[in-house]
Amino acid sequence: MRFHGIDPHQRRAATTGRFLSTPDTASEGHGHHGGHGKLHTLALGALGVVFGDIGTSPLYALKESFVGHHPLLVDAPRIFGVLSLIFWTMTLIVTAKYVFIIMRADNEGEGGSMALLALIGRTLGENRWTPAIAMLGVMAAALFYGDAIITPAMSVLSAVEGLTIVESSLGEFVVPIAVVILFGLFLIQKHGTEKVGAFFGPVMVVYFLVLAVLGLVNLVEHPEIVGIVNPMWAYRFFAIDPTLAFLALGSIVLAVTGAEALYADMGHFGRKAISVAWLYAAFPCLMLNYMGQGALLLENPAAATNPFFLLAPEWARLPLVILATLATIIASQAVISGAFSVTRQAVQLGFLPRLRILHTSASAEGQIYVPIVNWTLLIFVILLVVTFHSSSNLAAAYGIAVTGTMVITACMMGVLTFSVWRWNPIAAGLVTGLFFVIDGAYFLSNATKIPDGGWFPLLVAAAVFLLLTTWSKGRRIMRHYLAVGAMELGLFIRSTAGSVKRIPGTAIFLSSTIDGVPPALLHNVKHNKVLHERVIILTVVTEDVPQLLAHDRIEVTDEGAGFYRMRLRHGFMEEVDIPQTLKTVTTCGAPIGTMDTSYFLSRQTLIASEKPGMAIWRERLFAWMIRNAATPMEFFNLPTNRVVELGSQVEI
């Protein structure tokens, strides 16, 4: 990982991702984050972006519980039992766990699963549990990519399948229409989502209102359905048939897919806005709809084939299909954008090689586009749709990644409450135990789906985990071997300052370490036998905060004889523009001009060997990743006509 120039205390936190505030100091967004804007505006935006995934769950959650891979008898005890479980799952997991507990941990307004790990790593320091905790964070990130592939396929398919309720003969067109919609969705990513995003909030407001109205209209026919808030119905459901009730948890948990987005998107809208949007809009509307579906099933058990669309009168079903499709596109857009953001953070934190990342908005820093991620997601999403054909088949693969992340978050919350926030041990134990049992039960229920498709997100997560850990470990090994053969800078200056010809201008040598002489500088002297009048050894440091203030970015050390060592710091959510930043430097002689400055880059060619480190096949994978990484010239916005690359071979 590229965390050079950070003291040991900071480095411990950096390896897990982020610094955090404690609950007492957690702010409602810092800097450019969620604290800006009126609360109702932020809540509206959160309704459109944060709750897109969980908002589309009524399309399939109740249906899959009754007619999925483990069908249930559609009678009153089971209808009440399933709905009671949905209500208490939303109350405990989304409201209690995420809104009231997890979202109190923030990193200057930013959230996400890695944020918990940073706080734990900073507080506990280096101990025998540190590697295991760090690996949990990487696993959570890897599982996210599996979810990012399944969510668009599942959501769009479930919406388009509403056409079969309008006209049964349209069934053969469901898959082609879903493929066209998904292809179009990924195709427009390169243009950015700033303008489209302006419609997200209003569309989702209409969608949630329609959910509530449809639920209320059907609920008045059977007002007794409100009794599902009594947890005894969930208990009686398990008492009737414990095995089927346990298996049903795998479908019931689909009602809370997207809960992790509340924490991950906290930096965009702030904790208060997300909490308000959930408690006063999303949660009530969702539960009204679920209760309406339950009332419909009490009246007509055959409606279990698709209770969501059958809630609407016949004349309104086609408009409902269109509205639901728009909602699923928005939900898919949110998870695609999330994949871009997670990828950029992984690159900045040293878990992935440099990738081509494009900014699609001049005003919104978070609007980015990562081509390789976009097209990879598209390929896998289309393959899923074509292979599984229906949302019911996809439901077998859906949920395992979500519940896996939930279990990891529960583990982190346990360490958080015991060791970081230092709650009363009894309270911390009870809270941690409760959520671990709930999340663990849902995960184990979903584990039964692995043979029927649940293997897919696990396979994706395993592949991503392998890439993340291989790159991180490979970079650490490579830096070790480079450091072993590196010359001390003071010795280099003394041996060359008076014997090598100096030429006008400034030479900037990029270095991945803060010690020794960069290979490019050694090769330049060896082959060109010249030194520029001013030589700057520049190390770009990724700090474990989202953004840095201007006065914290540059650190310059005068090494004498026209040599300077410079550290350029930036937050992990920031784009690095070296030439633009160097224009502000006034502490190493004359201003650094564009036309008299040359940038020298080292490009290593990796040779896999039997040296201790990684398995040969992982070393070859690491070498392949290096060959296919974006060049520092692209990543750091260096002028193409001022860059010189000097290569060398490194055996690891």
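Predicted model: local features only at pLDDT ≥ 70, side-chain atom pairs only at ≥ 80, totals over all residues.

Mentor: Residues are numbered from 1 along each chain as its sequence is written, and side-chain values use heavy atoms, with hydrogens and water left out.

As background, the protein has 652 residues, and 57% of them are buried (under 20% relative accessible area; exposed is over 50%). Its secondary structure comes to 27 helices and eight strands (DSSP runs of H or I over at least four residues, and of E over at least two). Of the contacts between residues at least 6 apart in sequence, 83% join residues at least 24 apart (heavy atoms within 4.5 Å).

Four cavities of 30 Å³ or more turn up in a search of the whole structure (points on a 1 Å grid where a 1.4 Å probe fits but cannot get out). The largest cavity has a volume of about 100 Å³ (the space filled by probe spheres set on the points). Its lining is made of E64, G68, H69, H70, L247, S251, A395, A396, T448, K449 and D452 (an atom within 4 Å of a point). By class, this lining holds three nonpolar, five polar and three charged residues (Asp, Glu, Lys and Arg are charged; Ala, Val, Leu, Ile, Met, Phe, Trp, Tyr, Cys and Pro nonpolar; the others, Gly among them, polar).

The second largest cavity contains about 50 Å³ of space. P579, L582, K583, I592, G593, T594, T597 and Y599 line this cavity. Two elements give two or more residues each to that lining, namely α25 (578–582) and β7 (597–607). The lining of the second largest cavity divides into four nonpolar residues, three polar residues and one charged residue.

E161 sits in the loop between α7 (130–160) and α8 (163–166). Its relative accessible area is 11%, so E161 counts as buried. Leaving out residues up to four places away in sequence, E161 touches K63, V174, N306, H389, S390 and S391.

Two loop residues stand apart by backbone angle. Most residues other than glycine have a negative phi. R422, however, is not a glycine and has a positive phi of about 55 degrees. R422 lies in the loop between α20 (400–420) and α21 (425–447), and R422 counts as exposed because its relative accessibility is 63%. K529 also has a positive phi, near 55 degrees, in a residue other than glycine. The loop that holds K529 runs between α24 (519–528) and β4 (530–542). With a relative accessible area of 56%, K529 is exposed.

Last, the cysteines. The structure has zero disulfides (pairs of cysteine sulfur atoms within 2.5 Å). C285 is buried because its relative accessibility is 11%. C588 is buried as well, at 1% relative accessibility.

Technical notes
Buried < 20%, exposed > 50% of the residue type's maximum accessible area, 1.4 Å probe, protein only. 1 Å grid on protein atoms, 1.4 Å probe; cavity = no way out; pocket = protein on both sides within 12 Å on 5 of 7 lines; lining within 4 Å.
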